[in-house]
Amino acid sequence: MSKVSVATIASHSALQILMGAKQEGFETVLICLRDRVSVYKRFSHLIDHFIIINNYNDIMRSNVQKTLLDLNSIIIPHGSFIEYVGINNIYDLEPPVFGNRKLLEWESDQFKKLALLRDAGIPVPRTYSVNEDIDRLVIVKLPGAKGGRGYFLARDREELLSKASYLEIDLNNVLIQEYVIGAPMYFHYFYSLVLDRLELLGSDLRYESNVDGLKRIPFRIADPTFTVVGNIPIVLRESLLSKVFDYGERFVKLSKKRIPPGVIGPFCLEAICTSDLDIIVFEFSGRIVAGTNLYMMGSPYSWLYFSEPMSMGRRIAREIKLAIENNMLSKITS
Ligand code: AMP
């Protein structure tokens with residue numbers, strides 16, 4: 001077999017993925033929109049091959065696929081991947097994709113995603129149907145919303161209906177979820193199929209506009225919004241770790257059963273920790289998350305496993321390397 005290369009799309013956590021692949025000795029390939037090339041050329045020491053495209057539909061073109069196949073590329077999916085490739089195209093991509101493509105499809109459905117968490121025995125917020133009475137604060141999530149954009153809060157049914165009508169939102173298509181009061185926390189896991197080991201490689205919280213700005217003003221001036229603008233590192237109170245590992249293990253176990261072969265590599269549970277130290281998980285991501293960009297040189301947790309800087313991008317490349325050495329490459333790709 002010719003040498004494997006690591007490919008990704010120029011967005012989200014691409015620089016981290018490319019750097020990690022280089023650290024592990026792989027050739028790298030970047031699929032890049034023409035108008036972003038000038039940014040990524042600044043990091044050309046991390047990129048062996050550019051595949052330049054005019055728009056994201058070009059990713060599905062046969063010449064792009066052929067170049068990736070000729071370079072023996074494994075594509076690393078990230079948060080922009082589904083958005084750009086499109087959920088309907090994901091199975092038509094010919095080169096191997098790191099991890100389980102089916103999990104990415106699952107991730108794009110907010111109802112299926114919550115059901116998976118709930119069925120795994122992980123505490124999730126209560127969900128309301130459109131006709132139900134609203135007995136507590138709820139957050140209304142629009143389908144396909146990127147980074148929390150357009151979400152809104154409602155305290156009761158009347159407020160829900162009037163806001164939906166004002167915003168011209170069809171409530172049949174949204175997720176109406178209990179708003180859990182507490183501290184947001186996002187746990188970055190890596191499930192290694194080669195080592196059969198769940199690792200916690202970091203955690204962060206998101207900096208969101210305007211909800212994080214509102215607390216600077218002592219009186220109520222506007223409704224909160226939840227547009228993610230950045231990420232902030234956190235280390236967890238150590239006594240939370242048993243729950244964090246338990247929920248991670250539960251997720252790995254049920255995903256193997258429901259979406260075989262289950263989660264492979266990075267995933268994230270997105271949660272609120274309440275003042276009673278309950279961890280309520282409202283979302284998962286079945287791939288690398290942008291919060292891992294905080295830890296390009298490793299996090300306090302990754303140092304507990306590896307005595308060298310280990311970003312999530314590098315951990316992915318390390319898994320590919322281990323899989324090649326153990327003749328397991330076909331098991332960690334789909
Ligand atoms: P999401 O798009 O689901 O990741 O949510 C975007 C942001 O909305 C999160 O980072 C939280 O700040 C907030 N959020 C989402 N769901 C909940 C919830 N059930 N309770 C409290 N905050 C939430």
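## A loop residue to start with

Glutamate 168 sits in the loop that runs between α7 (157-166) and β8. Keep in mind that this is a predicted model. Glutamate 168 isn't a glycine, yet its phi is positive, at about 55°. That's worth a second look, since most residues other than glycine have a negative phi. Is glutamate 168 buried or exposed? Its relative accessible area is 75%, which is over the 50% cut-off, so it counts as exposed.

Leucine 277 also has a positive phi, about 65° here, and it isn't a glycine either. You'll find leucine 277 in the loop between β12 and β13. With 28% relative accessibility, leucine 277 counts as partly exposed.

## Around the ligand

Now for the ligand. Which of the 17 residues around it come nearest? They are Lys141, Tyr151, Tyr186, Glu208 and Glu283. Tyrosine 151 has a polar side-chain atom 2.6 Å from one of the ligand's oxygen atoms. Valine 180 uses its backbone instead: an N or O atom there lies 2.9 Å from a ligand nitrogen. In glutamate 270, a side-chain N or O atom is 3.3 Å from an oxygen atom of the ligand. On its own the ligand has 480 Å² of accessible area, and the protein covers 97% of that.

Sorted by class, the shell has nine nonpolar residues, six charged ones and two polar ones. At least two shell residues come from each of these strands: β6 (138-141), β8 (175-178), β10 (197-210), β12 (265-273) and β13 (279-285). Domain 2 (107-123 + 181-331) and domain 3 (127-178) each give at least three residues to the shell.

## Two cis peptide bonds

Most peptide bonds are trans. Still, the bond joining serine 209 and asparagine 210 is cis, with omega about 5°. Asparagine 210 is part of strand β10, one of the strands that supply the ligand's shell.

Another cis bond goes from proline 260 to proline 261, where omega is near 0°. Proline 261 belongs to the loop between α9 (241-258) and β12.

Helix α3 covers residues 62-70, and Val64, Gln65 and Leu68 in it are buried. Looking down the axis of α3, the buried residues fall within an arc of 95°, so they line one face of the helix. Ser62 and Asp70, on the other side of α3, are exposed.

Tyrosine 56 lies in the loop between β3 (49-53) and α3. It counts as buried, at 15% relative accessibility. Tyrosine 56 and glycine 86 are 30 residues apart in sequence, with their C-alpha atoms 9.2 Å apart in space.

Methods:
Residues are numbered from 1 along each chain as its sequence is written. This is a predicted model: local features need pLDDT of at least 70, side-chain atom pairs count only at pLDDT 80 or more; totals for chains, interfaces and linings use all residues. Side-chain values use heavy atoms; hydrogens and water are left out. A residue is near a molecule or strand if one of its heavy atoms lies within 4 Å of it. A polar contact is a pair of N or O atoms within 3.5 Å; within protein, one must be able to donate a hydrogen and the other to accept it, and residues adjacent in sequence count only if both atoms are side-chain atoms. Accessible areas come from the Shrake-Rupley method with a 1.4 Å probe; for residues, only the protein chains shown count as cover. Helices (H or I, at least four residues) and strands (E, at least two) are DSSP runs, numbered from the N terminus. Ala, Val, Leu, Ile, Met, Phe, Trp, Tyr, Cys and Pro count as nonpolar, Asp, Glu, Lys and Arg as charged, and the others, Gly among them, as polar. Domain bounds come from an automatic or database domain assignment. Buried means under 20% relative accessible area, exposed over 50%, partly exposed in between (1.4 Å probe, protein chains only). The arc is that of the directions from the helix axis to the C-beta atoms.
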